[in-house]
Amino acid sequence: VGRLSALAWESLDKRDFVHVGIGYRRVGSDDGIMRFSGRPETNVSDKYVDTGEFPGDHADEVSYELLLNHGPYSLLAERFDAAVDSETTGDPRFSGWYTAGSWIVTGESRHYDRARGYASGVLPRSRYGALEIVAKFSRLDLTDGTLDGGVLDKWHFGLNWWTSAQWKVGASWGDAD
């Protein structure tokens with residue numbers, strides 16, 4: 001596993017920045033068996049897409065990330081690709097991506113945390129907190145070669161109330177197909 005990220009650009013007031021990153025992960029099989037699956041943003045739902053178990057040796061996964069922050073607005077995009085070593089199933093390639101946007105209605109801005117190599121949470125300026133609106137679309141495609149694991153498309157909308165830099169209360173709604 002490895003990840004390399006960089007702050008590609010930052011404004012003098014540190015409210016605007018561009019973050020880029022790339023990651024790699026090699027996943028081995030469990031006794032020659034592999035399986036890929038996905039579900040909506042919950043750990044209590046059934047799997048919406050699933051390849052089932054299939055013979056394979058390993059998968060090489062690569063991810064790309066981009067975060068644009070302009071004052072109270074953020075746009076985040078990430079893509080994942082998995083190349084699976086499984087001659088029996090035609091060496092399938094699976095992919096997924098998402099894009100998410102955010103608007104901090106009360107005007108605060110995320111700052112770049114250089115120690116973590118990523119954007120920080122929202123620090124409210126008012127004792128009443130900060131309000132953020134979030135929207136996200138994602139797609140996971142687990143169909144390739146002889147495997148038909150399905151395609152999962154998800155919409156997600158949310159409202160966050162940041163009471164401090166460490167605490168937030170959120171409500172969200174999503175639709176998965």
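**Strands, rings and pockets**

Modeller: β7 and β8 run antiparallel, and 13 bridges join them. This is a predicted model.

Biologist: Which residue stands opposite Asp-60 in β8?

Modeller: Ala-83.

Biologist: What order do the strands take in the open sheet?

Modeller: The sheet has 8 strands, ordered β1-β2-β7-β8-β9-β12-β13-β14. The pairing is antiparallel.

Biologist: Which are the edge strands?

Modeller: β1 and β14, and each pairs on one side only.

Biologist: What does the twist average from one strand to the next?

Modeller: The average is 10°.

Biologist: Switching to rings. How many aromatic pairs are there?

Modeller: The count is 9. Take Phe-17 and Tyr-112: their ring centres are 5.5 Å apart, with the planes at 65°.

Biologist: Why is that pair edge-to-face?

Modeller: Planes over 60 degrees apart count as edge-to-face, and these rings are at 65°, so the pair qualifies.

Biologist: Where do Phe-17 and Tyr-112 lie?

Modeller: Phe-17 is in strand β2 and Tyr-112 is in strand β10, residues 112-113. The pair therefore ties together parts 95 residues apart in sequence.

Biologist: Is Phe-17 buried or exposed? And Tyr-112, buried or exposed?

Modeller: Phe-17 is buried, at 1% relative accessible area. Tyr-112 is buried too, at 12%.

Biologist: What about Phe-137 and Trp-155?

Modeller: That pair is tilted, because the planes sit at 55°; the ring centres are 4.8 Å apart. Phe-137 is in β12 and Trp-155 in β13, so the pair ties together parts 18 residues apart in sequence.

Biologist: How accessible is Phe-137? And Trp-155?

Modeller: Phe-137 has 17% relative accessibility and counts as buried. Trp-155 is partly exposed at 43%.

Biologist: Which residues form one aromatic cluster with Phe-137 and Trp-155?

Modeller: Trp-97, Phe-157 and Trp-173.

Biologist: Which element gives the most to the lining of the second largest pocket?

Modeller: β13, with 5 residues. By class, this lining has 10 nonpolar, 10 polar and 5 charged residues.

How values were computed. Residues numbered from 1 in each chain as written. Predicted model: local features only at pLDDT ≥ 70, side-chain atom pairs only at ≥ 80, totals over all residues. Heavy atoms only, no water. Helix = DSSP H or I, 4+ residues; strand = E, 2+ residues; numbered from the N terminus. Nonpolar A, V, L, I, M, F, W, Y, C, P; charged D, E, K, R; others polar. Pairing = 2+ DSSP bridges. Axes fitted to C-alpha atoms, helices over the stretch in contact; angles between N-to-C directions. Phe/Tyr/Trp six-rings, centres within 6.5 Å; stacked < 30°, edge-to-face > 60°. Buried < 20%, exposed > 50% of the residue type's maximum accessible area, 1.4 Å probe, protein only.
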